[in-house]
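Here is a briefing on the model shown below. It is grouped by topic.

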Amino acid sequence: MTKQGKVYLIGAGPGDPGLLGLKAKECLETADAVVYDRLADPRILAFARKDAEMVYVGKASANHTMRQPDINKLLVKLAQEGKTVARLKGGDPFVFGRGGEEAIELLEAGQPFEFVPGVTSAIAVAEYAGIPVTHRHVATSFAVITGHEDPTKGASTINWKGLATAVDTLVFLMGVENIEKISSQLIANGRSADCPAAVIRWGTHPEQRTLVTTLGKAAADVKANNLKPPAIFLVGEVVKLREQLQWFDNKPLFGQTIIATRARAQASDLTKKLEALGAKVIEVPAIKIVPAADYGPLDKGIAELSSYKWLVFTSANGVEYFFERLNLAGKDARALAGVQLAAIGSATADALKEHGLTADLIPSAYKAEELAEALADKITAGDKILIARAKVAREVLPESLRKIGAEVNVVTAYETVADCENKDELLAALEEGSASVVTFTSSSTVTNLLKVLGDKAELLSKVALAAIGPITSETLQKHGFAPTIESEKYTIDGLVKAIREYYNK
């Protein structure tokens, strides 16, 4: 039986991936094909299945990857092939998203479809600029108008007289290139040239830029400030409220571009915390966490767990890979009965809690030297200790414990390898000077990023370098780079706090 195709016409929202709706996310996760526009954030696209067909049909002014009639035909073709299609559009599909046109084409071809509403930029972008489109005693009506009418229809069908005098707040989408015409039409039809106005570019993104002006000066100010699409043009007395309600671009790290070199699987935590403070984060994983090439030693250690007095973890990764092998051996946390657990820091201890276990020992400072010192008071000669860690790591901990007379077995739980899929974006940010900070969460992120940069490593001297702790700082120094920021607490939260304090100063 042939599978019935279906197209979901989805509003992706104005840009901030956090504004994507739950149903939109569900559609992306199950779609066979994703047809997406220019304004779709990469993190929204990441919800798609890894095997989904990805088709970019973005349209910028005077630069269309695919013409609208061809997009319509593509959607019909994919549906006829029996595919579930997520047609991802910026904002809402019915607010100048041409969703109606695509649906009619599908209807005429006999292909089923559904609309999944999205947050429209007409309201959300204004909100992120601290400008409400309505406000009691200030504005009781608003209108959303295209700033770029269909060029094939001849004369304008916009009711300029009605808009200019009958509506309190006017929001023009895609109107920056026609701002002079829009302004002159409104003024000619009765709107005061002194009426407050705002142009908001890349709204809800970390790059958001808001220009407050007046209707009469808007065109000249846009030109003087070189503001380009995508942007909305907002006209009305509500613009004055931005002075009180501005919030998004007041965040402590707003305007800063920070490069995160952490492994892709773990970068999201750091990214979310920095973005919550207003920063733009470019994820450039310098390392990738992969399974060990040989699990023989770890599996043997698991089989002999009862003979060990201590099981030591030096990272959350070590915990996760250890328990993966433990489960494959048909065992669970009960196999650790009688074995004491040591974690190098709070993040590692939290990883143990995810498996229902509490660390018996966490040093006051999260580094190998402190862990070795803390363990020294709790072991005696002959005690067996199992350390599950990365393949390449400092030998301080096992060597210190062996000096006491402990029998130390170091097993590889995982490996770190060089990984930099965003090298071009990294180089562009460093060469253009748009990046302000590069973060390093381990020594391996330092060494592997330097390998990626090669003869362009000197570009790092142009930005602030943030290290998660002294060991990472030492690695930077060994390679000739002085860390600008060093976390006092060797955790992601500590690193974020250090970066924030750096900018507060």
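**Briefing: contacts, sheets and surface**

Tyr36 is buried, at a relative accessible area of 17%. Buried means under 20% relative accessible area, exposed means over 50%, and partly exposed lies in between (1.4 Å probe, protein chains only). This is a predicted model: local features need pLDDT of at least 70, side-chain atom pairs count only at pLDDT 80 or more, and totals for chains, interfaces and linings use all residues. Residues are numbered from 1 along each chain as its sequence is written, and side-chain values use heavy atoms, with hydrogens and water left out.

**Aromatic contacts**

- A search of the whole structure gives 13 aromatic pairs. Rings of Phe, Tyr and Trp (its six-membered ring) pair if their centres lie within 6.5 Å; planes under 30 degrees apart count as stacked, over 60 as edge-to-face and the rest as tilted.
- Tyr36 and Tyr56 make a tilted pair, with 5.4 Å centre to centre and 45 degrees between the planes.
- Tyr36 lies in strand 2 and Tyr56 in strand 3, so the pair ties together parts that are 20 residues apart in sequence. Helices (H or I, at least four residues) and strands (E, at least two) are DSSP runs, numbered from the N terminus.
- Tyr56 counts as partly exposed because its relative accessibility is 35%.
- One aromatic cluster is formed by Tyr128, Trp247, Phe248 and Phe254.
- Lys384 has its charged end over the ring of Tyr308, 4.6 Å from the ring centre. The rule asks for NZ of Lys or CZ of Arg within 6 Å of the ring centre and within 35 degrees of the ring normal.

**Salt bridges**

- The count comes to 27 salt bridges. Each is a side-chain nitrogen of Lys or Arg within 4 Å of a carboxyl oxygen of Asp or Glu.
- Asp32 bridges to Arg49, with the closest N and O atoms 3.1 Å apart.
- Asp32 sits in the loop between helix 1 (22–30) and strand 2 (33–36), and Arg49 in the loop between helix 2 (42–45) and strand 3 (53–56), so this pair ties together parts that are 17 residues apart in sequence.
- Asp32 is buried at 17% relative accessibility, whereas Arg49 is partly exposed at 27%.
- Lys77 and Glu81 meet in a salt bridge at 2.7 Å, N to O. Lys77 is partly exposed at 44% relative accessibility, and Glu81 is partly exposed at 42%.
- Arg394 and Glu369 form a salt bridge at 2.4 Å, N to O.
- That pair links distant parts of the chain, 25 residues apart: Arg394 is in the loop between strand 18 (384–390) and helix 15 (396–404), and Glu369 is in helix 14 (residues 368–376).
- Arg394 is partly exposed at 33% relative accessibility. Glu369 is partly exposed at 29%.

- An open sheet of 5 strands runs in the order 14-13-20-21-22, with parallel pairing. Two strands pair if DSSP finds at least two bridges between them.
- Strand 14 (280–283) and strand 22 (485–486) are at the edges, each with a single partner strand, so one side of each has no neighbour in the sheet.
- Strand 13 (residues 257–260) is joined to strand 14 by 4 bridges, and the two run parallel. Ile258 stands opposite Val281 in strand 14.
- Strand 16 (residues 310–313) is covered on both faces: Trp310 and Val312 on one side, and Leu311 and Phe313 on the other, are all buried.
- Strand 16 runs parallel to strand 17 (residues 340–343), joined by 4 bridges. Val312 has Ala342 in strand 17 as its bridge partner.

**Surface and a loop**

- Phe96, Phe142, Val144 and Met174 form a nonpolar surface patch, with about 340 Å² of accessible area together. Accessible areas come from the Shrake-Rupley method with a 1.4 Å probe; for residues, only the protein chains shown count as cover.
- Patches are made of residues with over 30% relative accessible area and no salt bridge: like charges are joined within 9 Å, nonpolar side chains (Val, Leu, Ile, Met, Phe, Trp, Tyr) within 5 Å.
- Val144 is in strand 8 (residues 142–146). Val144 is partly exposed at 31% relative accessibility.
- Asn250 lies in the loop between helix 9 (242–245) and strand 13. Asn250 is partly exposed at 47% relative accessibility.
- Asn250 and Ser183 are 67 residues apart in sequence and 29 Å apart in space, C-alpha to C-alpha.
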